[in-house]
Amino acid sequence: MNSRLKDVNDLFERARPIVGQHAPEIQKYGMIVRLPNALSEEACAASVQNLNQILADTISLRDLYKKHHWQMSGATFYQLHLLFDKHYEEQNELVDTLAERIQMLGGISIAMAHDVAEMTFVPRPPRGREEVPVQLSRLLHAHEIILKETRAMARQAVDYGDDGTNDLLVSDVIRLNEMQVWFVAEHLAETPLVRADELAGDAEGP
Ligand SMILES: [Fe+2]
């Protein structure tokens with residue numbers, strides 16, 4: 001082979017995709033890479049662990065919204081179908097915010113469904129369709145799990161001096177979940193749809 005042809009072949013090799021590559025992980029789950037962020041490794045590790053729990057539960061709640069968006073039925077189909085997709089999108093943004101906060105603290109964020117299923121505190125729903133009040137109750141329960149753990153973890157972040165994580169947990173996670181709880185819970189108030197319940201008023205008297 002002349003040298004010019006060899007050069008052409010060498011160049012062509014660069015255009016060939018190298019697929020099927022394998023190598024050990026460069027950072028195991030649970031390990032912290034120190035970044036110059038003026039936080040101790042202990043603080044980063046504590047926040048990463050807490051944030052991963054909230055991430056797993058937020059991914060579960062996000063997917064619960066999509067499940068019920070698809071499986072909605074009945075007289076309130078249209079409004080709840082749309083509301084659930086709105087809440088899904090908002091939770092999806094939160095998932096990205098949480099995962100990137102974990103990475104910027106030098107940690108590893110969980111990502112795949114198998115790992116989420118092992119970690120989450122949100123109870124597994126059945127595959128099939130449930131009645132609307134059950135769907136709503138399931139969503140509210142998941143929200144309450146997240147709110148309870150997030151408030152405790154926000155206080156822990158303050159103790160470690162991790163103000164960024166505290167701000168994210170309070171300003172993004174808690175506020176969004178409280179807002180969504182309000183919108184979902186009001187659908188479970190048993191108010192008359194068409195005719196006012198005059199008898200109930202009479203029973204209370206003037
Ligand atoms: Fe849709």
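Reply: Start with His68. His68 counts as buried because it has 26 C-beta neighbours inside 10 Å. The cut-off for buried is 20 or more other C-beta atoms within 10 Å of a residue's own; 12 or fewer means exposed, and in between means partly exposed, with C-beta atoms placed from the backbone.

Two notes on the source. Residues are numbered from 1 along each chain as its sequence is written. This is a predicted model, in which local features need pLDDT of at least 70 and side-chain atom pairs count only at pLDDT 80 or more, while totals for chains, interfaces and linings use all residues.

What does His68 touch? Leaving out residues up to four places away in sequence, His68 touches Phe84, Gln135 and Leu139. A contact here means that two C-beta atoms, placed from the backbone, lie within 7 Å. Gly30 is another matter: 38 residues from His68 in sequence, it lies 33 Å away in space, C-alpha to C-alpha.

His68 is found in helix α2. Helices are DSSP runs of H or I with at least four residues, strands are runs of E with at least two, and both are numbered from the N terminus. Helix α2 covers residues 41-71, and its axis comes within 8 Å of the axis of α3, crossing at roughly 160°. Axes are lines fitted to C-alpha atoms, for helices over the stretch in contact, and angles run from 0 to 180 degrees between N-to-C directions. α2 and α3 are therefore roughly antiparallel to each other, a label for angles over 145 degrees. By class, their contact has 14 nonpolar, eight polar and four charged residues. Nonpolar covers Ala, Val, Leu, Ile, Met, Phe, Trp, Tyr, Cys and Pro; charged covers Asp, Glu, Lys and Arg; the others, Gly among them, are polar.

Now follow α3 onwards. Helix α3 (residues 77-104) also packs with helix α6 (residues 163-185), at an angle of about 170° and with axes 11 Å apart. α3 and α6 are therefore roughly antiparallel too. Their contact has six nonpolar, four polar and three charged residues. Among the residues that meet are Leu83, His87 and Leu94 in α3, and Leu168, Val173 and Phe183 in α6.

Last, the whole chain. The chain has seven helices and zero strands. Of its 206 residues, 27% count as buried. Along its principal axes the C-alpha trace spans about 105 × 45 × 25 Å.

Definitions and conventions: Parallel < 35°, antiparallel > 145°, perpendicular 65-115°, else oblique.
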